[in-house]
Amino acid sequence: MLALKVNGALHQVEAEPDTPLLYVLRNDLALNGAKYGCGLGQCGACTVLIEGRPAFSCITPISVLAECEVTTVEGLGSVEAPGPVQRAFMGEQAAQCGFCIPGMMLRAHALLKQHKQPSDAEIRSYLESNLCRCGTHMRIVRAVRRAAELMRAAAGSE
Ligand code: FES
Ligand code: FES
C-alpha cells in the first residue's frame, strides 16, 4: 500500500512499487487526462507535474513519489470552472484530436509559473519535449501566450 497525493487529495494505492504512475492515475484513480503515447518518455502525452515540475508519468515509478505532490490536468480546473491555461487552449481552439493537449497544458502551466511573459521562442523551447502529431503547434503557442495574459491579468486584479 502506497500513499499518493494527487491534485491535493491523498490516495492509498495498492500496486507494486515499480508500477508507472500513469497506470495508477488511469486505472486506479480514474484520472484519464494523462495519456499513454509511447510509454518510453519520448512523446509527452503522459506529462504530469511532480512538485510543480513536468515529468513523464509513463516512466515514473510510484515508489519515488512519497511526500510528492502530483498534479494532473484535472487539477488545473474543472468543466464548470476551467483554469486559465484550459480557458486559453479552448479560446484558441488549440486542439485537433486532443491527445497531446493535457500534457501540453501541464507543461505550459509549469512554464508560466516560473516565467510570466515568455517569448514565442521560449514557449517553443519549453514545450519541445511534448509532441503533437496533428500539427497544432501554432495554436498551442498562441494558447500559451493567451494563458500568460490571463494569469497576469488575474495577478494584477488581486
Ligand atoms: S507516453 Fe510517456 S512520454 Fe510518451
Ligand atoms: S492535437 Fe492531436 S496530437 Fe496534438
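**Backbone angles and pockets**

Guide: At 28% relative accessibility, Asn7 counts as partly exposed, because its value falls between the 20% and 50% cut-offs. The model is a predicted one. Start with the backbone around Asn7. This residue sits in the loop that links strand 1 (2-6) and strand 2 (9-13). Asn7 is not a glycine, yet its phi is positive, about 50°. Most residues other than glycine have a negative phi.

Ala30 is another case. Its phi is positive too, about 55°, and Ala30 is not a glycine. The residue belongs to the loop between helix 1 (21-28) and strand 3 (47-50). Is Ala30 buried or exposed? Ala30 has a relative accessible area of 57%. It is therefore exposed, since the cut-off is over 50%.

Now the pockets. The largest pocket holds about 250 Å³ of space. Its lining counts 14 residues. Val73, Pro82, Gln86, Met90 and Met105 are the ones that lie nearest the centre of this pocket. Two helices each supply at least two lining residues: helix 2 (84-91) and helix 3 (101-114). Helix 2 contributes the largest share, three residues. What is the lining like by class? In the largest pocket, nine residues are nonpolar, four are polar and one is charged.

Move on to the second largest pocket. Its volume is about 160 Å³. Which helices supply at least two residues each? They are helix 4 (120-126) and helix 5 (137-156). Helix 5 gives the most, four residues. By class, the lining of the second largest pocket has seven nonpolar, two polar and two charged residues.

Helix 2 leads in the lining of the largest pocket. Helix 5 leads in the lining of the second largest pocket.

Notes
Residues numbered from 1 in each chain as written. Chains lettered and ligands numbered in written order. Predicted model: local features only at pLDDT ≥ 70, side-chain atom pairs only at ≥ 80, totals over all residues. Heavy atoms only, no water. 1 Å grid on protein atoms, 1.4 Å probe; cavity = no way out; pocket = protein on both sides within 12 Å on 5 of 7 lines; lining within 4 Å. Points joined across faces, edges and corners; volume = space filled by probe spheres on them. Nonpolar A, V, L, I, M, F, W, Y, C, P; charged D, E, K, R; others polar. Buried < 20%, exposed > 50% of the residue type's maximum accessible area, 1.4 Å probe, protein only.
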